[in-house]
Amino acid sequence: GNRRMAFRLEAIESIAARLAITDLNTDFCHHLDHGNIESLIALFTDDAHYSHGSRVTVGIEQIRGLFDRRAAAGVRTARHLYSGLRIELTEKNQATGHSVCMTFAADQAPPIMSASPYLVADFIDQYQCGADGHWRISSRHIERIFMAPSNQGPVGQVDNSS
């Protein structure tokens, strides 16, 4: 059946946008896992919102600070595997995305002799295509669905319990 969308791109534009957004998500996981902070930061719009639990980071400099602090905290090995990316092109230069990300993580160098998922989370995204033709993340909210017992929540979260 024909799916009605709020906005309709030409087929080739639609395919190009979907592939670019898929690459954006793949690059996010790759750069996050390999500590490529500048490449990771470049995937966000200047005014991006990036939230995970009670941790809300707004703007490129706050996001850079978050990833810099994570890198400075010591040895961290992680692999983020995303799947089920659903993209809706909402306007010519805007789209939304929903995917599932499974994370394996440990504060040690590989090889690591255990392989239980640390986190399974929903990624709820908004994307924007800039004047330069590059798609970027304008908003990413990470919603935790399954957590390992050792998972204390997101790095840099606000603790409201005290």
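# Exercises around R140

The side chain of R140 reaches the side chain of N25 in a polar contact of 2.6 Å. (A polar contact is a pair of N or O atoms within 3.5 Å; within protein, one must be able to donate a hydrogen and the other to accept it, and residues adjacent in sequence count only if both atoms are side-chain atoms.) Keep in mind that this is a predicted model, where local features need pLDDT of at least 70, side-chain atom pairs count only at pLDDT 80 or more, and totals for chains, interfaces and linings use all residues. Residues are numbered from 1 along each chain as its sequence is written, and side-chain values use heavy atoms, with hydrogens and water left out.

**Exercise 1.** Find out where R140 is and whether it is buried or exposed.

*Solution.*
- Step 1: Look up the strand. R140 belongs to β6, residues 135-147. (Helices, H or I with at least four residues, and strands, E with at least two, are DSSP runs numbered from the N terminus.)
- Step 2: Check the accessible area. R140 has a relative value of 0%, so it's buried. (Buried means under 20% relative accessible area, exposed over 50%, partly exposed in between, with a 1.4 Å probe and protein chains only.)
- Step 3: Look for another side-chain partner. D125 makes a polar contact with R140 too, side chain to side chain, at 2.7 Å.

**Exercise 2.** Work out the strand order of the sheet, and say which strands stand at the edges.

*Solution.*
- Step 1: Trace the order. The open sheet has 6 strands, β2-β1-β6-β5-β4-β3, with mixed pairing. (Two strands pair if DSSP finds at least two bridges between them.)
- Step 2: Go to the ends. β2 (55-58) and β3 (77-91) each have a single partner strand, so one side of each has no neighbour in the sheet.
- Step 3: Zoom in on one pair. β1 (residues 44-52) and β6 run parallel, joined by 5 bridges. Opposite I137 in β6 you'll find F44.

**Exercise 3.** Describe helix α1: which strands does it touch, and how far does it reach?

*Solution.*
- Step 1: Place the helix. α1 (residues 11-34) packs on the sheet and touches β1, β3, β4 (94-106), β5 (119-129) and β6. (Contact means heavy atoms within 4.5 Å.)
- Step 2: Get its span. The 24 residues of α1 reach 34 Å from first C-alpha to last, close to the 34 Å expected at 1.5 Å a residue. (The expected span is 1.5 Å times one less than the number of residues.)
- Step 3: Pick out buried residues. Among them in α1 are N25 and F28, and both are in contact with R140.

Note on methods:
Axes fitted to C-alpha atoms, helices over the stretch in contact; angles between N-to-C directions. Lists of a residue's contacts leave out its neighbours within four places in sequence.
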